[in-house]
Amino acid sequence: MFSPIRFVLNRQEIAAAEPPGMLVLDFLRRRAMLMGTKEGCKEGDCGACAALIGELRGGEARYTPVTSCLVPLGELAGKHLVTVEGLNMERLSPVQDAIVAEGATQCGFCTPGIVVSLTAQLMEKGASLTAEEVKYALSGHLCRCTGYASLKRAGELIIKDAAKLGSSSQSENIAQMITSGMLPEYFREIPERLRKIQSPASANGRQKPEVFIAGGTDLYVQRGEALPDMRVEVLNLHPEMKGISANEGEIRVGALTTFEEFAAHPLVREAIPEIQSYMHWNASWQIRNRATLGGNIVNASPIGDMTILLLALDSTLILKNGQKSRKLPLAEFFKGYKQLAKKPSEIVSEIVFPKPSPAARINFEKVSKRKRLDIASVNSAIKITARGRVIQKVNLSVGGVAPIPLFMRRTCEFLAEKEITPETVAQAAVIAQQEISPISDVRGSAEYKRLLARQLLFAHFVKLFAGYVNLRELFADL
Ligand SMILES: Cc1cc2nc3c(=O)[nH]c(=O)nc-3n(C[C@H](O)[C@H](O)[C@H](O)COP(=O)(O)OP(=O)(O)OC[C@H]3O[C@@H](n4cnc5c(N)ncnc54)[C@H](O)[C@@H]3O)c2cc1C
Ligand code: FES
Ligand code: FES
């Protein structure tokens, strides 16, 4: 028997006695018999299963869209789960109305998920909602039969309706949406109802866990069938592992920080000015709302995008085991393919990196088979501090070219103190080729990945030092 997981499902409070590792999607369709949430790929790719999770933050309920096929039930403790049924009112909502008006649905399989994500974007942006943000919300949704042109037109209608709202905080937008009949009335009482639900941490069992679940976006794809029968610890019930702060020249990031939270935080945006544009290449909005930095690191994929970026930022991990804690440079964490310098019982609690100095320039590059919603064939990040034309320090990382996310130690050593010229960059590319050992796989041949590693190194310099290095000169000697 499992201790009951108490949460609000749409309008109703639930005490679910199912395993905490059970998928929210399975709970919805098999136990709650709510069939509006569809099962498509069950791998986070299609968006048919999208639902909203609302949680109390600063006294307000804050909602994010997620793919329920990758979320553990245990995570819902103390939260509000909203499915498409929970958005229904006596008449159609503006999002539903717009989809009908523009004929943006045929078989309807993808439609509930799309309604959920577009409603979430309306809650988030209010009157400032733009066509680009409608596209952002649709990024994790596949529609096989209607296509996207009518959905974009529906988006235009939603934007017109959104003009009635304010555009400040999500909670104010929600309040106005309720008043204008765009959201059901019951949303008003949710913060109060969530406050009354018992402490969420009790949803984790007392026995020693076999597996830690953070966002679940890797775990459920890899071991989805096994997890409901395992002793799981839902890390997201530990709020102390979230949050971003700055202290003594360092930026400290809780390991449970999601990609979206990371990219939206003012400290991160100041440190990595282009961070939000990198997000367009990483997963979808719904996945980025779940995928954590800690999960990206511990999953140890050689092409983890955030891991590659964090390597170039010179990150250190804080590892915790009960009351004990230790520090380890991220570059020393990976020992071999999926082999880590960590005990199974240790958790990554924080990632810490030095605040980049004003002279530092940072860049991230990724090449994948599809431009969006795809994992990399090769990715790379760099942080360079230079005085004029002379490099002081370089951190370069490349993914997809070795069994681990690779910190390019020898290439960095070579570049230190060098003048930035096309010759320097070309010589660095030769050294980089000696450091990497790509293999041929579905992401590309070894030869292709070697070529990409070189091109991405060139791309870093051409982007960051356009005045000193240009592509024509770089290719002159090749
Ligand atoms: C549709 C889709 C698209 C994706 N696109 C991308 C992409 O573009 N780029 C990319 O890099 N990744 C992508 N991913 C992969 C995945 O989202 C990321 O790797 C994500 O960061 C994993 O984090 P998580 O919190 O979901 O980890 P989980 O799945 O919860 O955990 C992964 C592993 O890490 C362990 N773990 C997690 N957190 C901790 C911790 N704090 N301490 C100790 N162990 C821990 C878990 O036990 C597990 O072994 C995608 C995944 C999906 C499903
Ligand atoms: S079923 Fe496809 S994303 Fe969940
Ligand atoms: S309406 Fe059929 S898949 Fe989108």
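Trainee: Is Leu-9 buried or exposed?

Mentor: Leu-9 is buried, because 22 other C-beta atoms lie within 10 Å. A residue is buried if 20 or more other C-beta atoms lie within 10 Å of its own, exposed if 12 or fewer, and partly exposed in between, with C-beta atoms placed from the backbone. Please note that this is a predicted model, in which local features need pLDDT of at least 70 and side-chain atom pairs count only at pLDDT 80 or more, while totals for chains, interfaces and linings use all residues. Residues are numbered from 1 along each chain as its sequence is written, and chains are lettered from A and ligands numbered from 1 in the order in which they are written.

Trainee: Which strand does Leu-9 lie in, and which residues is Leu-9 in contact with, leaving aside neighbours within four places in sequence?

Mentor: Leu-9 belongs to strand E1, residues 5–9. Strands (E, at least two residues) and helices (H or I, at least four) are DSSP runs numbered from the N terminus. Beyond four places in sequence, the contacts of Leu-9 are Ile-14, Ala-32 and Leu-81; a contact requires C-beta atoms, placed from the backbone, within 7 Å.

Trainee: Changing topic, which residues touch the most other members of the largest nonpolar core?

Mentor: They are Val-24, Ala-51, Ile-158 and Leu-310, in a core of 136 residues. Such a core is a set of buried Ala, Val, Leu, Ile, Met, Phe, Trp, Tyr and Cys residues joined through C-beta atoms within 7 Å. Helix H3 (residues 111–125) supplies the largest share, 7 residues.

Trainee: And what is Ile-158 in contact with, again leaving aside neighbours within four places?

Mentor: The contacts of Ile-158 include Pro-94, Val-95, Ala-98, Leu-118 and Leu-122, and also Leu-129 and Val-134.

Trainee: Which residues of H16 are buried?

Mentor: In H16, Pro-422, Val-425, Ala-428 and Ala-432 are buried. Seen down the helix axis, they fall within an arc of 120° (from the directions of the axis to the C-beta atoms), so they line one face of H16. The face turned away from that buried side carries the exposed residues Val-430 and Gln-434.

Trainee: Finally, how many helices and strands does the chain have?

Mentor: The chain has 18 helices and 18 strands. Of its 478 residues, 48% count as buried. The C-alpha atoms fill a box of roughly 70 × 50 × 45 Å along the principal axes.

Notes
Two residues are in contact if their C-beta atoms, placed from the backbone, lie within 7 Å.
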